[in-house]
Amino acid sequence: MNKNPFNLDFDSDKRREIKPLEWEESAVDSLSSVEGFAHDNFIFTAKRLQWILFAVFFIILAKVFYLQVVEGEYYSLFAENNRLRRQVVLAPRGIIKDRAGQVLARNTASFNLIATPFDLKGVDLSRQLQELSEIIDFDASAAEKKIFASSPNSLDMIVIRQDVPLEQSILFETRAPDFLGFSVQKVPVREYLNAESLFHVLGYAALVSEEEFASLNKNFYSAVDFIGKSGIEQMYENYLRGQNGSSQIEVDARGVLVSKLGNQEPQSGNSLILNIDKDLQDFLYRQLKGNGLSKRRSAAVAMNPKTGEVLAFISLPGVDGGKFMRGFTNQEYQKILEDTSLPLFNRVISGTYPPGSTVKPMVALAALEEKVIDEKTEYHDKGVLVISHQFDPSINYNFYGWKRDGLGKVDVKQAIAKSSDIFFYIVSGGYPKQDLPGLGIDRLAAYYRKFNLGKLTGIDLPSEAPGLVPDPEWKKQFYKDDKILSRWYLGDTYHVGIGQGDVLVTPLQVAVWTAAIANRGIAMQPQVMKKVLKGDDANSVLFEQKPQILFDRFVDLRHIKLVQDGMRETVVSGSGRALNTLSITSAGKTGTSQFDGSDPKRTHAWFTAYAPYEDPLIVISVLVEAGGEGSAVSVPVVKEVLRWWSENRYNK
């Protein structure tokens with residue numbers, strides 16, 4: 001049998017014969033100079049002990065250094081936050097009012113369920129969330145993922161559920177000690193009056209996202225703060241947001257409140273006074289929702305042509321912007337995203353459409369200015385213009401007017417009033433068969449751009465679209481892979497000259513060029529915000545918007561007067577004659593623009609007008625998507641709005 005070399009194998013008898021040494025003997029013996037035994041062993045043992053002690057000391061020293069220097073800030077914070085805690089008290093956003101001081105957006109109280117990751121260490125989170133979801137209605141699994149995504153040492157609060165019902169928040173307070181790391185926070189949220197009507201001009205504020213919070217100044221924003229996301233709320237965030245307050249509290253090691261040590265009161269944001277006329281806005285909204293248009297997608301804007309003040313601004317459909325602060329359920333938000341009518345889309349400034357015949361006053365001005373026509377020029381509108389193929393004369397192309405049997409002889413004023421497509425085909429592109437000159441696409445496009453088409457108006461709202469002014473270079477680039485489509489044809493110029501083809505504008509741009517014509521060729525930049533008040537003090541103005549010229553007059557006043565007369569004739573005897581029964585004079589232009597090449601009958605309905613004709617104070621432009629004829633759909637809306645305005649605002 002193999003013996004273990006680390007065991008002494010004495011038999012029992014020998015063990016009994018061994019006499020143990022006395023202490024003195026063993027001590028002397030241990031100091032003897034017998035080679036290879038006691039002395040060398042002692043030296044080895046002492047050195048080894050020395051190294052062990054040194055290693056232990058080094059480890060302790062390193063640990064102390066790590067705790068004090070490397071992790072010192074963390075443990076200091078840990079200790080401090082087991083005792084003192086600063087809670088953010090959200091500041092109410094500034095009030096938004098209309099030009100007369102009527103409230104458009106104010107604040108109301110809501111409750112949010114909050115989690116603090118730092119206080120959730122050692123907690124059975126899944127069980128805790130499951131029990132908590134039986135008191136407050138929220139998605140426990142989604143909340144767990146949200147909490148796990150944050151640092152466990154974070155003191156930044158996480159919003160688990162917005163807009164907790166009052167009864168649920170009260171029930172939570174009765175059981176708060178059972179849910180360490182969670183709290184219900186009272187927060188100020190937005191309440192918008194006439195929410196759908198105002199949605200696209202006021203916009204909305206909502207909980208700051210993780211991406212936004214990462215880029216924000218932490219001295220001004222907390223992780224549970226609200227921030228403007230669209231409209232006026234976004235554009236004037238720096239004025240509307242208040243200064244958050246704080247509450248200094250003492251908590252125990254479990255994060256349970258021990259006492260309140262003091263408060264720093266939040267400061268409300270500044271108030272905004274808008275140029276919007278709430279009563280006009282409400283009336284226009286009702287007109288767009290009525291007259292069989294309740295399910296139509298539409299846009300309308302009214303402004304003062306002399307100042308650029310935006311008096312009304314509506315894009316339909318809309319939503320209640322206050323819901324973004326109070327919080328949507330997943331089902332509610334998904335329903336909005338899947339809605340084919342695009343209720344979040346701001347049609348007034350972001351929607352681009354072919355403008356149809358509303359461009360004809362601009363084309364007339366360009367042709368007059370370039371001496372392509374004069375006030376006496378007449379063309380015979382036979383209902384169709386026949387153009388031969390430029391390379392094969394045996395092939396003809398027919399360009400029809402809206403009235404197939406023609407309008408007869410028309411001059412520039414009659415062409416505007418009767419909306420003669422044939423007249424404006426010739427004016428824009430010429431007529432080779434009769435050697436009649438036209439502007440040509442280069443000059444036509446240049447004048448469109450002078451009227452600010454293809455550019456931003458600079459309105460004080462986000463997400464404005466510039467639209468499109470097509471020309472040969474654009475087409476060449478857009479269809480660069482197709483040799484046929486990339487070429488510019490006479491027919492392209494004809495289409496652009498009557499607001500069809502690839503030319504695209506926003507409803508706001510239509511209002512701006514209408515205002516420029518009404519205002520003797522001077523366009524004012526559209527402005528929604530009027531002034532900012534410190535707090536809600538009407539006598540303390542922090543900022544006041546001044547009228548700005550968007551573009552100055554670049555055409556002869558005589559030509560502007562001719563075009564104004566043509567737009568006036570539209571109301572007297574043309575497609576806008578329904579307005580002729582009003583107590584005030586007006587001028588305007590209808591438009592019916594095709595947008596579906598497979599079905600020419602599918603058209604957008606436009607009407608743009610101004611009043612009074614002699615001294616314009618209001619411009620209103622209305623678009624009804626796929627509405628049909630502008631004269632049948634949009635004109636009645638404008639008529640009723642101008643009737644209301646004349647009775648309630650004109651000379652008041």
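Where is Pro-317 found? In this predicted model, Pro-317 sits in the loop between strand E12 (310-316) and helix H13 (323-326). The bond that links this proline to Leu-316 is a cis peptide bond, with omega at about 0°. Leu-342 is worth a look for another backbone angle: its phi is near 50°, a positive value in a residue other than glycine. That leucine lies in the loop between helix H14 (330-338) and H15. For background, most peptide bonds are trans, and most residues other than glycine have a negative phi.

A pair of packed helices is described by two things, the angle between their axes and the distance between the axes. Helix H15 (residues 360-369) packs with helix H17 (residues 421-429) at an angle of about 40°, and their axes are 10 Å apart. That angle makes H15 oblique to H17. As for handedness, the crossing of H15 past H17 is left-handed. On the H15 side the contact involves Lys-360, Val-363, Ala-364 and Ala-367, and these meet Asp-421, Phe-424 and Val-427 in H17. Sorted by class, the residues of this contact come out as five nonpolar, two charged and no polar.

H15 has another packing partner, helix H18 (residues 440-450), with an angle of about 120° between the two and axes 10 Å apart. H15 is therefore oblique to H18. This crossing is right-handed. Here Met-362, Val-363, Ala-366 and Glu-369 of H15 come up against Leu-444, Tyr-447 and Tyr-448 of H18. The contact of H15 with H18 has six nonpolar residues, one charged and no polar. Val-363 takes part in the contact with H17 and also in the one with H18.

What about H18 and its packing with helix H20 (residues 490-497)? The two helices pack at an angle of about 25°, with 10 Å between their axes. With an angle under 35 degrees counting as roughly parallel, H18 and H20 are therefore roughly parallel to each other. Their crossing is left-handed. Gly-440, Ile-441, Leu-444 and Tyr-448 of H18 make this contact together with Thr-493, Val-496 and Gly-497 of H20. In terms of class, that gives four nonpolar and three polar residues, with no charged ones. Leu-444 and Tyr-448 are part of this contact and are also met by H15.

Next comes the empty space. Rolling a probe the size of a water molecule over the atoms shows where such space is left. Searching the whole structure turns up two cavities of 30 Å³ or more. The largest cavity has a volume of about 110 Å³. Its lining is made up of Leu-90, Ala-91, Arg-93, Pro-188, Asp-225, Phe-226, Glu-237, Arg-241, Gly-242, Asn-244 and Met-325. Split by class, that lining has five nonpolar, four charged and two polar residues.

The second largest cavity holds about 40 Å³ of space. Around it are Leu-365, Phe-451, Ala-516, Ile-517, Gly-521, Phe-554, Val-555 and Ile-560. Seven of these lining residues are nonpolar and one is polar, and none is charged.

Two or more lining residues come from each of strand E15 (396-400), helix H16 (412-418), H17, strand E21 (587-594) and helix H23 (630-648). E21 gives the largest share, with four residues. By class, the pocket lining divides into 19 polar, 11 nonpolar and seven charged residues.

Conventions
Residues numbered from 1 in each chain as written. Predicted model: local features only at pLDDT ≥ 70, side-chain atom pairs only at ≥ 80, totals over all residues. Heavy atoms only, no water. Axes fitted to C-alpha atoms, helices over the stretch in contact; angles between N-to-C directions. Parallel < 35°, antiparallel > 145°, perpendicular 65-115°, else oblique. Left-handed = near helix turned anticlockwise from the far one by under 90°. Contact = heavy atoms within 4.5 Å. Nonpolar A, V, L, I, M, F, W, Y, C, P; charged D, E, K, R; others polar. 1 Å grid on protein atoms, 1.4 Å probe; cavity = no way out; pocket = protein on both sides within 12 Å on 5 of 7 lines; lining within 4 Å. Points joined across faces, edges and corners; volume = space filled by probe spheres on them.
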